[in-house]
Amino acid sequence: MKLYANLFGQGKPFLILHGFLGMGDNWKTLGKKIAEKGFQVHLIDQRNHGRSPHNDEFSYELMAKDLKVYCEENNLNNVILLGHSMGGKTAMLFAVKFPELLDKLLVADIGPKYYPLHHQDILDGLGSLDFETLDSRGAVDKELEKYVPDPGVRMFLLKNLYWKNKGELGLRLNLKALVENAHEIGVALPEAYSYQGTTLFLKGERSNYIEEDDIVKVKKQFVNSTFREISGAGHWLHAENPTDFLTEVLGFVKN
């Protein structure tokens, strides 16, 4: 599968993978700031998200292979890889499967453990959207509010809106495939898998995705890993405290 990506800057390749229901564009502001420090930043849309191809099949195994193909097609090696949430799971599996392509790994607010499905309200809300009657961003937002009361989450989801045709809105993501394969989002990285390379785990202070008890288990699989907490931030730590997030990222990759 040929993945879509936005590129910024010149230098060492720095690949960024978005989370579930997101896209590379979510990282544009931070990506440009990273590029200014001497990196070629690749904001990648994973399969069934953003402008990348749609496919009925969806799993971390497939997304890790997609990323390997992307690296081969673009002659990328010794890359820095940052993944957030679902993208972090893809990044961890990629590191285990293809360590020869990686220099450093960064994982934002996700661990290798199993996570129960907790996106059902969002998926129901997106599934309720009838674009034959909803003809503006405001109308879509109002419909989504019935399922997703948090305005920040809705703003994130509304980035998927685009004009398919004149007067006809649509979603860039492949909602059908994501709903049918939603159980794949939380699957654990098999405990037998381990990665020896340099890894930074970033967690939001107000997020419960990585608990204190998880850190010991993570270090068994990612033996050369360190942890940093982003103050005042929840799961969307890069958006909620971008200043500290960027400082930690650059400190790690420049070290």
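**Exercise 1.** Are Trp27 and Phe245 buried or exposed? Find out, then work out how the two rings are arranged and what they connect.

*Solution.* Keep in mind that this is a predicted model.
Step 1: Trp27 is buried, and Phe245 is buried as well.
Step 2: a pair of aromatic rings is described by the distance of the centres and the angle of the planes. Searching the whole structure gives eight aromatic pairs. One of them joins Trp27 and Phe245, with 5.8 Å centre to centre and 55° between the planes. Planes under 30 degrees apart count as stacked and over 60 as edge-to-face, so this pair is tilted.
Step 3: Trp27 belongs to the loop between strand 2 (12-17) and helix 1 (28-35), while Phe245 belongs to helix 10 (residues 242-254), so the pair ties together parts that are 218 residues apart in sequence.

**Exercise 2.** Which residues do ring pairs link into a cluster, and which charged ends sit over the rings of Phe252 and Tyr162?

*Solution.* Step 1: the cluster consists of Tyr195, Phe201, Phe222 and Phe227, linked by ring pairs.
Step 1: over the ring of Phe252 sits the charged end of Lys104, 5.1 Å from the ring centre.
Step 2: over the ring of Tyr162 sits the charged end of Arg172, 4.2 Å from the ring centre.

Technical notes
Residues numbered from 1 in each chain as written. Predicted model: local features only at pLDDT ≥ 70, side-chain atom pairs only at ≥ 80, totals over all residues. Heavy atoms only, no water. Phe/Tyr/Trp six-rings, centres within 6.5 Å; stacked < 30°, edge-to-face > 60°. Helix = DSSP H or I, 4+ residues; strand = E, 2+ residues; numbered from the N terminus. Buried < 20%, exposed > 50% of the residue type's maximum accessible area, 1.4 Å probe, protein only. Lys NZ or Arg CZ within 6 Å of the ring centre and 35° of its normal.
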